[in-house]
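Here's a quick briefing for anyone meeting this structure for the first time. Have a look at the fold, then read on for the sheet and the helices that go with it.

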Amino acid sequence: MDQTKQEEEYGYDLFPERKPGEHKKTSIAESLFTFNHKCQVMLQFAVETSPYAKLLLSAMKSSGCKVFKDRHFSCEDCDGTVSGGFDAASSQIVLCQNNIHQQSHMNRVVTHELIHAFDHCRAHVDWFNNFRHLACSEIRAANLSGDCSFTNEVARFNFGLKRHHQECVRGRALRSILAVRKISRAEAEKIVDEVFDSCFNDHAPFGRIPHSKRDAKFAYRDYMNRDRYYANL
Ligand SMILES: [Zn+2]
């Protein structure tokens, strides 16, 4: 299933309405199918079971940005060690099927990219010209996706939990910006520092930093119950 080629030929990269199963099978396509299929299965599992992903998908739906799995996600082969990306031009989340091999990794990548998609939906983010916008979304994605939570058990002995988490978020945001934009490290550091406090403290739509799956479950439950208080007015 050579989706990338199909997308280019039919302009599906802009408005993808992919219909799995209708692609012609060739021998190359068949060998790609296993990787691609595994990616699709893990993606399905992530959106159905990860409380992080479920919360973000609900929040986006409430904001008028309903996410369709077949249209807004794309499993593709990527260069190097990249795990995923958000393509603002097509509002598509790219999942790197050649670099994601575990469900827990898939869950984190889906969450990270959904935070970018959420920011894209709720605010008019100028991803390409305004580095502060990009930096802010990268800080939020690193802070809220669990990217910086899984090493906590080891790191708390070194730094203390809170400081480690902030350092990790700062470092990851910096690396993400440097990976996609040609600016100097010093310049990127300056931008990240300028927006860090306000973006680090913006926990929408979680309402807290979900340090674990348990936190994320509570955040999801609170989010789903948020209207109950208004229903009786
Ligand atoms: Zn990112």
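A quick definition to start: two strands count as paired if DSSP finds at least two bridges between them. Keep in mind that this is a predicted model. With that settled, three strands here form an open sheet, and their order is E1-E3-E2.

**The sheet**
- The pairing in this sheet is mixed.
- At the edges sit strand E1 (73–76) and strand E2 (84–87), each pairing on one side only.
- Ignoring direction, neighbouring strands of the sheet are turned by 20 degrees against each other on average.
- E1 pairs with strand E3 (residues 92–96) in the parallel sense, over four bridges.
- If you look at Ser74, you'll find it opposite Val94 in E3.

**A helix on the sheet**
- Helix H5 lies across E2 and E3.
- Relative to E2, H5 runs at about 20 degrees.

**Two helices crossing**
- The axes of helix H5 (residues 103–122) and helix H6 (residues 131–144) come within 9 Å and cross at roughly 140 degrees.
- Because of that angle, H5 counts as oblique to H6.
- The crossing of H5 and H6 is right-handed.
- On the H5 side, the contact is made by His112, Ile115, His116 and Asp119.
- H6 brings Ser137, Arg140, Ala141 and Leu144 to the contact.
- Sorted by class, the contact of H5 with H6 has three nonpolar, three polar and two charged residues.

Technical notes:
Residues numbered from 1 in each chain as written. Predicted model: local features only at pLDDT ≥ 70, side-chain atom pairs only at ≥ 80, totals over all residues. Axes fitted to C-alpha atoms, helices over the stretch in contact; angles between N-to-C directions. Parallel < 35°, antiparallel > 145°, perpendicular 65-115°, else oblique. Left-handed = near helix turned anticlockwise from the far one by under 90°. Contact = placed C-beta atoms within 7 Å. Nonpolar A, V, L, I, M, F, W, Y, C, P; charged D, E, K, R; others polar.
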